[in-house]
Amino acid sequence: MTAMNRQVLLASRPKGEVSEENFRIVETPVPAPGEGEVLVKNEWLSLDPYMRGRMNEAKSYAPSVAVGELMVGQTVGEVVESRASHFKPGDKVLTLLGWQLYGVAKARELTRIDASRAPASCYLGVLGMPGMTAWFGLREIGQPKAGETLIVSAASGAVGSVVGQLAKIEGCRTVGIAGGALKCNYVVNELGFDACVDHKGPDLAGRLRTACPKGIDIDFENVGGPILDAALPLMNVHSRIVLCGMIAEINASEPYGYRRLRAVLVSRIRMQGMIVFDWKDRYAEAVAGLSQHFAAGRLKHRESIVEGLDNAPRGLIALFKGENFGKQLVRLA
Ligand SMILES: NC(=O)c1ccc[n+]([C@@H]2O[C@H](COP(=O)([O-])OP(=O)(O)OC[C@H]3O[C@@H](n4cnc5c(N)ncnc54)[C@H](OP(=O)(O)O)[C@@H]3O)[C@@H](O)[C@H]2O)c1
């Protein structure tokens with residue numbers, strides 16, 4: 001019997017919040033690799049906030065997924081058949097094969113991973129794209145110095161958890177912002193942040209001020225909206241904002257109206273957007289640095305796992321409701 005592949009396609013573009021109706025699951029034959037190509041059986045699929053943007057038609061930093069096409073995404077999998085000289089069956093690889101059980105990739109599109117150094121799923125999280133986002137955003141734009149105060153939103157998540165731990169290693173006072181007591185307790189007691197503010201409670205601005213008695217030198221901004229507005233008046237002169245993500249606006253039909261932007265002028269804040277691809281030539285440097293901290297036990301991480309490809313839509317939807325607790329993954333095998 002021929003083995004069948006399973007794929008999740010974009011069925012329609014969401015209007016506002018993503019729903020399961022925006023996806024369609026299909027079965028197709030497992031493809032055969034051509035010369036210079038490799039067949040990979042995916043084991044883990046990464047779910048990331050950027051996927052919401054790819055479901056829109058609007059112009060962004062990367063092309064949209066067309067309706068009827070396979071959903072994009074990174075996976076970690078195992079080579080099952082190779083027609084490329086430098087890969088063999090059994091090799092573990094990082095791929096861009098998207099939401100499917102099997103896929104064929106050109107050898108140059110794959111990155112070999114060392115699954116003896118860390119569990120394979122880590123290459124989608126703490127040692128993968130989110131970890132590298134934290135690494136470059138913090139070092140290159142945030143430029144932390146010992147004694148400074150850093151805040152980071154979505155602090156228990158894939159990017160935020162790494163940002164806070166790296167900032168702590170640099171000697172910063174590190175304050176997280178997260179949704180709910182459970183996540184805040186984890187951020188302080190497990191990840192070692194100095195404080196964490198629950199953005200779901202009342203008077204976010206007041207509690208953030210109390211948590212940052214010397215003001216804020218770096219805001220690693222993962223959320224935007226009311227969280228960025230609460231932080232702006234607390235930013236110190238010549239402070240930095242690393243504008244990494246604006247997940248609070250991701251499903252909104254209208255942009256959020258920022259009310260506190262005058263602080264950028266008054267406090268001469270340097271606010272810079274970032275996309276991790278800008279450092280693609282230096283990914284190896286980040287993986288080496290993150291791996292060193294990971295091996296030494298200085299980078300803790302947590303994963304939020306949904307089981308099976310068919311549940312991937314549910315896993316993506318969870319990200320925008322804060323229902324994930326750590327790096328959101330789908331276990332495929
Ligand atoms: N620029 C880049 O190159 C780059 C690369 C990777 C990621 N990012 C961005 O970094 C951010 C974090 O990504 P991640 O992969 O690490 O995800 P994550 O933090 O693991 O998960 C998303 C978290 O965002 C928070 N959230 C969602 N909707 C929210 C809302 N309306 N208001 C407040 N908080 C909300 C929730 O945490 P709480 O429950 O704690 O609120 C949720 O758990 C995202 O904005 C993403 O787009 C940017």
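A residue counts as near a molecule or strand if one of its heavy atoms lies within 4 Å of it. The model is predicted: local features need pLDDT of at least 70, side-chain atom pairs need pLDDT 80 or more, and totals for chains, interfaces and linings use all residues. Residues are numbered from 1 along each chain as its sequence is written, and side-chain values use heavy atoms, without hydrogens or water.

**View 1. The shell around the ligand.** The ligand has 26 residues around it, and Lys183, His199, Asn222, Met274 and Asn324 come nearest. By class, the shell holds 16 nonpolar, nine polar and one charged residues. Here Ala, Val, Leu, Ile, Met, Phe, Trp, Tyr, Cys and Pro are nonpolar, Asp, Glu, Lys and Arg are charged, and the others, Gly among them, are polar. Helices α2 and α3 each supply at least two shell residues. Helices (H or I, at least four residues) and strands (E, at least two) are DSSP runs, numbered from the N terminus.

View 2. A polar contact is a pair of N or O atoms within 3.5 Å. A polar side-chain atom of Lys183 sits 2.7 Å from a ligand oxygen. For Val159, a backbone N or O atom is 2.8 Å from an oxygen of the ligand. For Ala158, a polar backbone atom is 3.0 Å from a ligand oxygen. On its own the ligand has 900 Å² of accessible area, and the protein covers 88% of it. Areas come from the Shrake-Rupley method with a 1.4 Å probe.

**View 3. The largest cavity.** A cavity is a set of points, on a 1 Å grid over the protein atoms alone, where a 1.4 Å probe fits but cannot get out; lining residues have an atom within 4 Å of a point. Two cavities of 30 Å³ or more are present. The largest has about 70 Å³ of space. A volume is the space filled by probe spheres set on the points, which are joined across faces, edges and corners. Its lining includes Ser156, Ala158, Tyr186, His301 and Lys327. Helix α3 (residues 158-169) gives the largest share, three residues.

**View 4. The second largest cavity.** This cavity has about 40 Å³ of space. Trp135, Leu138, Arg139, Leu166, Glu170 and His293 line it. Helix α2 (residues 129-142) gives the most, three residues. The lining divides into three nonpolar, one polar and two charged residues.

View 5. A salt bridge is a side-chain nitrogen of Lys or Arg within 4 Å of a carboxyl oxygen of Asp or Glu. The whole structure has 17. Arg83 pairs with Glu35, with the closest N and O atoms 3.0 Å apart. Arg83 lies in the loop between β4 (75-82) and β5 (92-95), and Glu35 in the loop between β2 (23-29) and β3 (37-46), so the pair ties together parts 48 residues apart in sequence.

Technical notes. 1 Å grid on protein atoms, 1.4 Å probe; cavity = no way out; pocket = protein on both sides within 12 Å on 5 of 7 lines; lining within 4 Å. Polar contact = N/O pair within 3.5 Å; in protein donor to acceptor, adjacent residues only side chain to side chain.
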